[in-house]
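Here is a walk through one protein model. Keep the sequence and the 3D view side by side as you read.

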Amino acid sequence: MANGHPLTNVQQRDINAILHPYTPLHKLAETGPLVMGHGKGVYLYDTQGKAYIEGMSGLWCAGLGFGDEEMIEAANEQMRTLPYYHLFGGKGMEPAIELAEKLKEIAPVPISKVFYTSSGSEANDTQVKLAWYYNNALGRPEKKKIISRVKAYHGVTVMAASLTGLPGNHKGWDLPVDRVLHTDCPHHYRFSLEGESEVEFVARLAKSLKDMIEREGPETIAAFIAEPIMGAGGVIIPPSGYFAAIEPILREHDILIIADEVINGFGRTGNWWGSQSVGMTPTTISVAKQLTAAYAPLGAVLVPEDVYQAYVDHSAQLGSFGHGFTYGGHPVGCALGVKAIEIYQRRNIVEYVRGLTPTFEARLAKVKDHPLVGEVRSCGLVGAVEMVADKATKRSFDPAHGVGSNLAKFLEGHGAILRALGDTIAFCPPMIITEDELNELFNRFELALADTEAFVSKNGLRAQ
């Protein structure tokens, strides 16, 4: 039964055949999956014909929405010309070359080479391997540890999930693996001490990172990885001055700075890159998601010239550069990446996002005083509403109550999709959303928020 109704045939077929990611598997047969049929613009339509505003760009990635004819034609044209080939053994393809050139052109720091993957997880996994390879090339075989952060999200491969700093990605999976460290999360609202200003908070986090490096030994630490704005950890925006405080510490000890731009990149934050929005200056960069506006799987790692030359030197010693993926640089994905960047530039998507930002911020501010809401936060067209049991003390709800997941279900009933990250509700609408559509998304969210308040009050969920 799903919402009191028998499962449809397509729902039952889904349950019989698919292992769903990030899903309470023990409840799925009871609730039934929400099966989508088609999409257009910012709307999705399920197999029963119900329309939903897709407020999360799928998984932070469908920046151009659904059914963009230019993207569809670019895919069709490339499939007719060269549907697949690879880059192994020095092979090349025009779409892979052109996309790499475009990425170098728009990168926030000087970039020499682009290495292709199929996803953000693969990109971040590759970042670790490349950091190890780099330090081996420089004769520093002990310099291998990677520092990530509590509440970070960097993917789900064994190494990327280890970099991730969320308990749900570690419990039951025998993770994290060795060589991965986690320093403090830069979320002032949740982790500051009583009366601690943002400036004092940043100084404390910088000292904590410095202490970790000294305790572990800087000669053992290869890289520090960070999302400019943390995504799945709750859309956490670091205080002003955070990266300015920690980067000198990292550079002093020759620790690579990896920017995970998988969610942040390509206009989402009101700049081309999240790094530019928060004052981060990375050494290397991971990209995916909006790289192709999600019209095909593709990721990439961007590296500077000095780092690349170390790879060249080590390849000369070993005889080859022994890393790569069958679908890394897939010509259809690369053609779609080229077209997506062209569209972002021609439609001036960065300015468009900036134009919508005041409305986005105003609608978030409108719910800030709601009794369920502890904090709202945003940058460009990515934001979050964090719900709490007690506004004064910031006390969270018992996770077993599922307050966030219930709000997401109520929202589906009102014809919109957002993502519950625990009791934080994330917003990441397609960057093509109109102001009217954005307001409608928030109207439906406010209805779901009222439903959630009634649910919390009825069941006495604020009690400790």
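This is a predicted model: local features need pLDDT of at least 70, side-chain atom pairs count only at pLDDT 80 or more; totals for chains, interfaces and linings use all residues.

In general, nonpolar side chains tend to be buried together in soluble globular proteins.

Take Phe266 as a guide. Leaving aside residues up to four places away in sequence, Phe266 touches Leu103, Ile106, Trp272, Trp273, Val287, Ala288, Gln290, Leu291, Ile341, Tyr344, Ile349 and Met431.

Now step back to the whole chain. The protein chain has 16 helices and 15 strands. Its C-alpha trace spans about 70 × 60 × 45 Å along the principal axes. For 464 residues, a compact globule would have a radius of gyration near 23 Å. The protein chain has 22 Å, so the two agree. Buried residues make up 53% of the 464 residues. Of the contacts with a separation of 6 or more, 70% are between residues 24 or more positions apart. The accessible surface comes to about 19900 Å², and carbon and sulfur atoms account for 55% of it.

Next, zoom in on one helix. Helix α15 covers residues 403-413. Its residues Val403, Gly404, Leu407, Ala408 and Leu411 are buried. Seen down the axis of α15, the buried residues fall within an arc of 140°, so they line one face of the helix. What do the buried residues of α15 pack against? Their partners are the strands β12 (382-387), β13 (416-417), β14 (419-421) and β15 (424-427), along with helix α16 (435-458). After α15 comes Gly415, whose phi is positive, near 85°.

Finally, look at the cysteines. How many disulfides does the structure hold? It holds zero. A disulfide is a covalent bond between the sulfur atoms of two cysteines, and here a pair counts when the sulfur atoms are within 2.5 Å. For Cys379, the closest cysteine sulfur is in Cys428, 11 Å away, which is too far for a bond. For Cys428, the closest cysteine sulfur is in Cys61, 8.4 Å away, again too far for a bond. Are Cys379 and Cys428 buried or exposed? Cys379 is buried, with a relative accessible area of 15%. Cys428 is buried too, with a relative accessible area of 0%.

Conventions. Residues are numbered from 1 along each chain as its sequence is written. Side-chain values use heavy atoms; hydrogens and water are left out. Contact means heavy atoms within 4.5 Å. Buried means under 20% relative accessible area, exposed over 50%, partly exposed in between (1.4 Å probe, protein chains only). Helices (H or I, at least four residues) and strands (E, at least two) are DSSP runs, numbered from the N terminus. The radius of gyration is taken over C-alpha atoms; the globule rule is 2.2 Å times the number of residues to the power 0.38. Accessible areas come from the Shrake-Rupley method with a 1.4 Å probe; for residues, only the protein chains shown count as cover. The arc is that of the directions from the helix axis to the C-beta atoms.
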